[in-house]
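Subject: Structure handover, salt bridges

Hi,

Here is the structure I promised to pass on. Please open it and keep it beside this email.

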Amino acid sequence: MTSSIRTYDLWKEYETGGHDGTALRGIELEIAKGQIIALLGKSGSGKTTLLNLLAGLDEPTRGRVEIDGMDLKGLGEKGRTELRRHKLGFVFQFFNLLPTLTSLENVALALELAGRPDEKLAGESIALVGLAGKEDRYPHELSGGEQQRIAIARALVKNPPIILADEPTGNLDSHTGTQILELLTGRCRELGTTLVMVSHSLKTCEYADRVLRMSDGRIFEEESCEGLAP
Ligand SMILES: Nc1ncnc2c1ncn2[C@@H]1O[C@H](COP(=O)(O)OP(=O)(O)OP(=O)(O)O)[C@@H](O)[C@H]1O
Ligand SMILES: [Mg+2]
């Protein structure tokens with residue numbers, strides 16, 4: 001069976017004008033369809049860089065990424081945009097909601113871009129993350145945690161086969177964080193969605209099938225979260 005996500009000897013070197021800008025050092029990764037992954041690692045270890053490459057938002061210096069057996073490079077810029085619109089949900093570390101659109105419009109836009117406009121479904125997705133009544137708020141009228149939940153609603157709404165979530169509960173108190181974690185992983189299990197969740201919190205591990213840890217641009221498989229520093 002084709003893997004959901006596959007990388008081959010993936011390297012990323014940022015142009016830094018002097019000091020070493022190597023953020024990824026030969027990542028080999030294979031993630032099966034429907035797997036739920038917790039991706040842990042210290043600040044600066046390369047987690048966001050890896051997610052950006054998996055989503056085709058940035059290009060590797062060397063190596064390649066395959067999504068559902070398709071080589072991202074071979075798809076070209078246009079193909080990668082289409083792939084993101086139809087196949088990927090992305091929760092950015094800093095949410096990336098469009099500031100001039102309301103909550104509802106931000107979520108609805110994801111459906112529009114996937115060619116399936118449906119305002120009612122967008123509203124339901126907002127209710128699902130516990131923000132019914134805040135559909136007409138602009139991002140700057142929401143707290144950080146609320147913006148994060150809208151970003152999660154936006155990723156979930158189109159039922160994509162893959163969701164990449166960068167610190168999806170990073171700005172939430174532990175109670176809301178647990179609720180959102182349950183919601184996100186529960187929906188993904190129900191629908192067979194592949195989910196990669198970056199986190200600093202060991203709590204995330206409890207909800208994952210597999211735990212990966214990044215350290216200095218390399219990736220390590222962990223048996224469990226026990227023994228991992230928070
Ligand atoms: N655009 C960039 N230009 C240059 N260096 C970068 C760039 N983005 C990230 N880096 C560097 O690459 C390394 C990995 O960064 P990355 O953002 O992937 O880390 P991270 O694991 O997501 O960290 P955090 O947990 O703080 O979000 C860091 O050393 C960072 O300084
Ligand atoms: Mg990051």
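Below are my notes on its salt bridges.

First, the ground rules. This is a predicted model, where local features need pLDDT of at least 70, side-chain atom pairs count only at pLDDT 80 or more, and totals for chains, interfaces and linings use all residues. Residues are numbered from 1 along each chain as its sequence is written, chains are lettered from A and ligands numbered from 1 in the order in which they are written, and side-chain values use heavy atoms, without hydrogens and water.

A salt bridge here is a side-chain nitrogen of Lys or Arg within 4 Å of a carboxyl oxygen of Asp or Glu. The count is 17.

Start with R80 and E59. Their closest N and O atoms are 3.4 Å apart. R80 is buried at 7% relative accessible area (buried is under 20%, exposed over 50%, partly exposed in between, with a 1.4 Å probe and protein chains only). E59 is partly exposed at 46%.

Next, E146 and K134. The N to O distance is 2.7 Å. E146 lies in helix α5 and K134 in the loop between α4 and α5, so the bridge ties together parts 12 residues apart in sequence. E146 is buried at 12%. K134 is partly exposed at 22%.

Finally, D20, R25 and D216 form a network of salt bridges.

Best wishes

Key: Helix = DSSP H or I, 4+ residues; strand = E, 2+ residues; numbered from the N terminus.
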